[in-house]
Amino acid sequence: HELRAMNARSRHGNHRQSGLGLVEIMVAIVVGLIVLDGVLQIYLSSKQTYRMQENQSRIQENGRFALQFMTRDLRMAGYIGCITIPQITTNVLATGAPAQMFNSTAVIQGYDSGAWPITFPAKPANLVTGTSVLVVTAPVSSSVQLSAAMPAANAAIGIASNPYNFQTGDLLLISDCQSAELFQATGVTATAIAHAATGNTSAALSRPYEPRALVMKYDVFMYYIGTDAAGNRALYRFQQSTAGTNQLIDNVQNMQINYGVDNSPGKDHAAHQYLNAAGVTAAGRWPDVVSAQVNLLLVSNDDGLTTQPQQYSFNGATVTATDRRLYRPFSATIAFRNRVQ
């Protein structure tokens, strides 16, 4: 009897645990949905954080890279060694040299609102109106010293080595503290640079140079904002010697440049006033420009990163974006070494 009672209780207990009621099922579904929603929210939050960090890093990297490129060219604008262009005798032998070279007024030139200098090729179709255009004449590389005095003005220029890969056809500058001359190399070896009449107005420099003289490659560069094939804005760099244009940095929304002018009576080589390009041109002050304040506005590649359009300050103005991308201004003030000596 006792055994039959135990079996009966066991069967009765199993019957009670044989299924779930509707309430239990609904509770389980609700709990599962809550857990799933929490997991989904964590995933979306993590993804948004990743997108934000990735775009911030890309903006930071692009801004630093853009300023690095521009700083190098601007810092070396018109650099010829130990003295400035207006203080020494200059001579241009190269027949293909751009008008900007060795002209103290045009070594650094700026244009506002997407204007385009007439001395360069046709205005690009992708140029963004309302942005600055910058033209810089500067050495492409560092300099090498002469290995020996030139025996005659038309003799080849001796160098100990050619670490910067000077090549035939390059526009090269030779200078010391007395004079400077721009010529086209008509033949280059590891130890000598020829300057024949082919490509130059004369095979002879104005005088033989001593070993203290320096030789460097010279070129003209232009920076401007244009639109790429996808319609996004980018920073472009044009190089005169190659007649080539490179898209340097993506997602550069704007560039505005102000120029530091030394308008002191004694010319102390310090910026006393900052003007935009139009202001410098109107005042006839390009030979007195000693520095440049470069303002770049970079934007994220992705949209939808902010909860509402971002408000930012750029070039002295407060602007509200029309989308939900990240915007970050970059600024650098760069002194021209050849103007502040």
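Reader: Okay, which residue in β15 does Gln256 stand opposite?
Author: In this model, which is a predicted one, Gln256 stands opposite Asn295 in β15.

Reader: And how many bridges join β13 to β15 there?
Author: Strand β13, covering residues 252-261, is joined by nine bridges to strand β15, covering residues 289-299, and the two run antiparallel.

Reader: What order do the strands of that open sheet come in?
Author: The sheet has four strands, ordered β14-β13-β15-β18, with antiparallel pairing. Its edge strands are β14 (273-276) and β18 (327-335), each of which pairs on one side only, and from one strand to the next the twist averages 25°.

Reader: Switching topic, what about the sheet with β5, β9 and β8?
Author: That open sheet holds three strands in the order β5-β9-β8, and here too the pairing is antiparallel. The edges are formed by β5 (157-158) and β8 (187-188), while β5 pairs with β9, residues 192-194, over two bridges. Within that pairing, Gly158 stands opposite Ala192 in β9.

Reader: Now the inside: which residues touch the most other members of the largest nonpolar core?
Author: They are Leu235, Tyr259 and Leu296, in a core of 63 residues. Strand β10, residues 214-227, gives the largest share of this core, namely eight residues.

Reader: And what is in the second core?
Author: The second core is separate and has 16 residues, among them Phe183, Leu205, Ala213 and Val215. As a general point, nonpolar side chains in soluble globular proteins tend to be buried together.

Technical notes: Residues numbered from 1 in each chain as written. Predicted model: local features only at pLDDT ≥ 70, side-chain atom pairs only at ≥ 80, totals over all residues. Heavy atoms only, no water. Pairing = 2+ DSSP bridges. Axes fitted to C-alpha atoms, helices over the stretch in contact; angles between N-to-C directions. Core = buried A, V, L, I, M, F, W, Y, C linked by side-chain atoms within 4.5 Å. Buried < 20%, exposed > 50% of the residue type's maximum accessible area, 1.4 Å probe, protein only.
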